Amino acid sequence: MKPERWQQVSRIFESALGLEEDARAAYLCEECGTDESLREDVEKLIASHREAAAEGFMASPAVERVAGLMSSSEDEVEVRLEKGQLLGSYSILERLGAGGMGEVYLAMDTRLDRKVALKILPHEFAADKRRMQRFALEAKAASSLNQPNILTVFEFGESESLAFLATEHIEGETLRDYLRGHQLKLTEALDISSQIVAALEAAHEARIVHRDIKPENVMIRRRDHIVKVLDFGLAKLTEKGDASESGFVTDTEAPTEFKTAPGNVLGTVLYMSPEQSQGLAVDGRSDIWSTGIVIYEMVAGRVPFRGATPSHTIVEILEKEAPPLSLTAKQEVPDELERIVRKALAKSRSERYQTASDLLIDLRNLKKRLDVESEIQRSTASSVSAGLQTPSSTAQESAKQPITTIGPSGVKRAALAGALLAVIVLAALGIRSWLKSTNNVAPSSATAVTANVPPRELTYWITVQKFRSGKPFEKPFQLAGEINFERDYQVRLNLRSPVVGYLYVLNESPRGENPLQILFPSPTSNSGSALVSEKQELQIPEQSWFKFDPEQGTETVWLVWSRAPISDIEVAKRFANPSDRGVIKDARVNESLKHILEESPTDKLQIERQSSPPQTILRTGEPVVTHAIRLAHN
Amino acid sequence: MDGYKPKTVSRHPPISPHEITQLLIEWSGGNQAALDKLYPLVYDELRQMAHRFMRRERKGHTLQTTALIHEAYLRLVDRKDAHWTNRSHFFGMSAQIMRRILVDHARRYAYVKRGGGVQKVSLDEAALVTKDRARELLLLNEALEGLEKLDPRRSKVVELRYFGGLSNAEIAELLKISSNTVTRDWNMARAWIYQQMTDATA
């Protein structure tokens, strides 16, 4: 209807309505004249008026009529999308479940022909466009960090009044579900927490705070147990207080309010930091607290703070100390883990881990230590089952072994024995393997023990780049093995193995009287640990190159790749001066090590050169691979 | 066990009642930016309050729009420096917001109709009634949108009365028209909306 017509119709309608029935017809005839349609419009409207009044149409306010909507639409009504239904370019395949923030569906992106997870966001969020946009920004910012532990966000979209988030689809389960089915081993708990913290490290560096770290927001991929942290930025959506401000602030946003309406609940208070539970500004350290709670829960099977009501929980968070893990956990808890959790759960954030990186270092180091211990335990156990030695005799014997093998004598020896006892005991098996392979005196039963062990395999290649006056001159290229190098070539060694093990890389300079240098591990590479996980790719030196001496000669790079730690080298590491690039200053240690390296058998080693890609694969059925790469240069 | 639903952890309205009142004054003085700031605040407040009311309603209370908006007003606005004009402006805005809250909810609820396939589960009888009413509300809202283009004043009257629960006298005051005009506007608008809705469902 055109506005003029509307004016006309409404004027006639209102006048007609004021008249009695019989007067009305005459009035309409007069007003509308020959305009039949005008008269019809008005008559129809009058009829509508009569019916509407009779039915009580709009008689009571809308809220009263649709009260049911307000009482149930958020917490009880679930919107279900059906298979084949389209949301934008996404075709729904199946419902995956309800996430913390809404329904999650598996869908096919029809444009890119890939599977995605679609998270349908609570509808009321859509009401605040600005907040939505900021959320979208932040979610994308976190995703674009390309950190493998951060879930990739593809798109944030709206369709048919539903707001949704399209993300990478992970085949797996949430940590919450995972915890229901498993009693986690310590190493697994540490592995999961390290990955969560690695995600936070990257996000925090980009000034993105997660704000809602909890087991529901952590996915574990079934195939490889890679951990993915979900919903960066989403927590902020549920917070009030910054909606009317522009700007993109991460760490000073305050006050924080958690809404009370169901369906809009910010998960739970159980994982909230003290500052968060008080509605104060939060920063990355709040995420560290929440991660501390998650670690605690993984180890103890329960969260440290839980009251009868959320308010009681908050009081506990603010005032109580977490009960020590040693009391609450069903398994034995290393003091170091106790310390880490306590530090993550310091009430005052200035006493907490200040950065995710610091927490990550501690978690990884502890994980490595436990890996070593369990490796030893496993090996020792297999020795026992083979009727070789009792664990205690293994330990005792091996405690003496390294000293008789290479250790310096006299006072120094005693001090060494005391200080390094732990390392030495840990390395028990390594010694036996090492002795076996170096002295060729392996007892037949020991061979039986190692028979089931997969062969040692180590792949290496050499990256070479020509430099001129300290600057790259040509593009780097890759070699499977040794050539005669030019003096202005700089090289780097790359290593990888399909199995887990202990790697030592030592350099022997051209002139034999020079000390050995431990290139790997070093405090700056792999945190000083020789333990290398399967498929872990190493670069030696890390972030740098080897330069050749000005004089012509041959550098020997020794690779020792072992199933267990090699105590001789573990001990020697203590003599390697990190500030001097790992050079071993002690002449006797040097001498013994060189001797062992030179004498170690190589006849059982298979060396396979490949050209595409250029690489060399070393294989042996023995517990230890020892191999020398000779880099001759002019 | 993990389903704790936190009560309000802290209530620091991001803007003080005094500021809200200032925003209302600025807005009634014609400053649209002030409304942009007010709108989300009042939206949140009303939505939460409506939910609280409705949870009580199940236990025998009835929800009254005016009571709702009155309470929101009392909570948000500093009464010391609020005059009557501010109040009616606030009520006017609240009507608009209530409309939006309800339509947002209805859209979600009645999605099956509009989206062509979104299903709602657990449809007991009450839910079916609600769903019908949700659809009805969406139709009504569409009609009202149409009316807005033809006749902004009449559509405003409908919004204030139907969504804001305002009395004719209050509407007259707010729109600066006579009470009789409000009655006439209402009749015309309601008849037209009814007709549009009947045509749409026919």
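Predicted model: local features only at pLDDT ≥ 70, side-chain atom pairs only at ≥ 80, totals over all residues.

Me: Why is A:Glu94 called partly exposed?
Reply: Buried means under 20% and exposed means over 50%. A:Glu94 has 43%, so it falls in between and counts as partly exposed.

Me: Where does A:Glu94 sit, and what does A:Glu94 touch beyond its neighbours within four places in sequence?
Reply: A:Glu94 belongs to strand E3 of chain A, residues 90-98. With those neighbours set aside, A:Glu94 has contacts with A:Tyr105 and A:Leu106, meaning heavy atoms within 4.5 Å. As for A:Val104, its C-alpha lies 9.0 Å from that of A:Glu94, 10 residues apart along the chain.

Me: How do you know that A:Cys29 is in no disulfide?
Reply: The search over all chains turns up 0 disulfides. For A:Cys29, the nearest cysteine sulfur is that of A:Cys32, 7.9 Å away. A disulfide needs the two sulfurs within 2.5 Å, so A:Cys29 is in none.

Me: And what makes A:Cys32 buried?
Reply: A:Cys32 has 6% relative accessibility, and the cut-off is under 20%, so A:Cys32 is buried. A:Cys29 comes in at 39%, between 20% and 50%, so that one is partly exposed.

Me: What about chain A as a whole: how many helices and strands, and what share is buried?
Reply: Chain A has 22 helices and 28 strands, and 55% of its 634 residues are buried.

Terms used. Residues numbered from 1 in each chain as written. Chains lettered and ligands numbered in written order. Heavy atoms only, no water. Helix = DSSP H or I, 4+ residues; strand = E, 2+ residues; numbered from the N terminus. Buried < 20%, exposed > 50% of the residue type's maximum accessible area, 1.4 Å probe, protein only.
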